[in-house]
Amino acid sequence: MDSDLQPMYVICTDWGDDIDDAISVALAARTIDRFVVLTADESGDHRARGVSEQLRRHDRTDVPVIRGLEIGGGRGRRRSSMGLATRPCEHDPEMIEALTDLALSSSELRWVGQGPLSNVAAFAQARPDLAGRIRLTQMGFWLDRYRDTSRASHNPRMDPRAAGAAVRLLDTPRLVLSDHTEAAAIRITREHDLMRRLAAPDAPGWARLLVDGFEEWAAYRSTAADQSSGVGSWLHDPLTLSAGLDLGFVRFVGERIRVEADARAYRDPEGIEVEVSTGADHEAFMDWVMKILLED
């Protein structure tokens, strides 16, 4: 391997559903010099076009956007304005080729998984010789706490086979568990200081996309139960991005797990070696988000 090669960040995102994906892209655009965005659970090219527009507003047209696999499972299909397709696609040679080029021209792919694990599993299976260059930090799975313990968390549940394959094929993936991302301290509503300041008249032009995206997400989630406490969004994916950047807000410990066919994960002394989150400094993380997005 060429010692002069630099690492490349891969932000793998199901952009266009919960607004935390777009906030994560905004943070990446303002903090990372060398990265690409890879869309997860694609729908035609809706997600890729949306990410490209967001990056343009951040003056980051230097960042490549790679269209990922279509698996037909995203929550966005419920929103007619998304226009999402449901055509499954198990293999995309263009995606594999693009990721191969990135892996060969980088010392490491620092993969930040913020959607289903379909893309990373497909690449590891297609190019096992390059799987060792992937350092995966993935949002999802749970071990002790989840809002519905009868099922896996959203990201692995959208493609259970890929979730299991990725954990088996990659070297010690880091999992930012839903146990630690569904925290009140990182839940934002339209009344949160972050959203109020992004909506202010003197906010930068790129902020409008985040505000509009939040309102669309809020409209989608506006059930009577949600309205009683204010529609909001947990910053699952930005917290995962911070872990991928090794900022220290998320704590990890080595663990052995098994992943069942439905993508639920369990501790197992005979299982696969991974690193799992054990907690997070949510207040310090939110201070970082506010500083990056609100300060010039």
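Helix α4 passes helix α6 in a left-handed crossing, a term used when the near helix is turned anticlockwise from the far one by less than a right angle, with clockwise giving right-handed. This comes from a predicted model, in which local features need pLDDT of at least 70 and side-chain atom pairs count only at pLDDT 80 or more, while totals for chains, interfaces and linings use all residues. Residues are numbered from 1 along each chain as its sequence is written, and side-chain values use heavy atoms, with hydrogens and water left out.

To place the two helices: α4 covers residues 118-126 and α6 covers residues 160-169, and their axes come within 8 Å and cross at roughly 50°. Axes here are lines fitted to C-alpha atoms, for helices over the stretch in contact, and angles run from 0 to 180 degrees between N-to-C directions. The pair α4 and α6 is therefore oblique; angles under 35 degrees count as roughly parallel, over 145 as roughly antiparallel, 65 to 115 as roughly perpendicular, and the rest as oblique.

Which residues meet at this crossing of α4 and α6? From α4 they are S118, V120, A121, A124 and Q125, and from α6 they are A162, A165, A166 and L169. Contact means heavy atoms within 4.5 Å. By class, the contact of α4 with α6 has seven nonpolar residues, two polar and no charged. In this scheme Ala, Val, Leu, Ile, Met, Phe, Trp, Tyr, Cys and Pro count as nonpolar, Asp, Glu, Lys and Arg as charged, and the others, Gly among them, as polar.

Helix α6 also has a buried stretch: A162, A163, G164, A165, A166 and V167 are buried. Buried means under 20% relative accessible area, exposed means over 50%, and partly exposed lies in between, with a 1.4 Å probe and protein chains only. The cover over these buried residues of α6 includes α4, α5 (154-158), β9 (250-259) and β11 (272-280).

The open sheet has nine strands in the order β3-β2-β1-β4-β5-β6-β11-β9-β10, with mixed pairing. Its edge strands are β3 (65-66) and β10 (265-267), each of which pairs on one side only. Two strands pair if DSSP finds at least two bridges between them. Helices (H or I, at least four residues) and strands (E, at least two) are DSSP runs, numbered from the N terminus.

Strand β1 (residues 8-13) and strand β2 (residues 35-39) are parallel and share five bridges, and T13 stands opposite T39 in β2. Strand β6 (residues 174-176) runs parallel to β11, joined by two bridges, with R174 opposite E275 in β11. By contrast in direction, β9 and β11 run antiparallel and are joined by eight bridges, with V250 opposite A280 in β11.

Helix α11 (residues 236-244) packs against helix α12 (residues 282-294) at an angle of about 90°, their axes being 11 Å apart. That angle makes α11 roughly perpendicular to α12. The contact is made by P238, L239, L241 and S242 of α11 together with H282, F285 and W288 of α12. By class, these residues divide into five nonpolar, two polar and no charged.

Now to single residues. Is S178 buried or exposed? S178 counts as buried because its relative accessibility is 4%. This serine lies in helix α7 (residues 178-181). Leaving aside residues up to four places away in sequence, S178 touches M139, G140, F141, W142, R145, Y146 and S153. From S178 to S153 the separation is 25 residues in sequence and 7.0 Å in space, C-alpha to C-alpha.

Two aspartates deserve a word on backbone geometry. D41 has phi near 50°, a positive value in a residue other than glycine. D41 sits in the loop between β2 and α2 (46-57) and, at 5% relative accessibility, counts as buried. D246 has phi near 60°, again positive in a residue other than glycine. D246 sits in the loop between α11 and β9 and is partly exposed, with a relative accessible area of 41%.

Finally, the chain as a whole. The chain holds 12 helices and 11 strands. Of its 296 residues, 56% count as buried. Among contacts between residues at least 6 apart in sequence, 77% join residues at least 24 apart.
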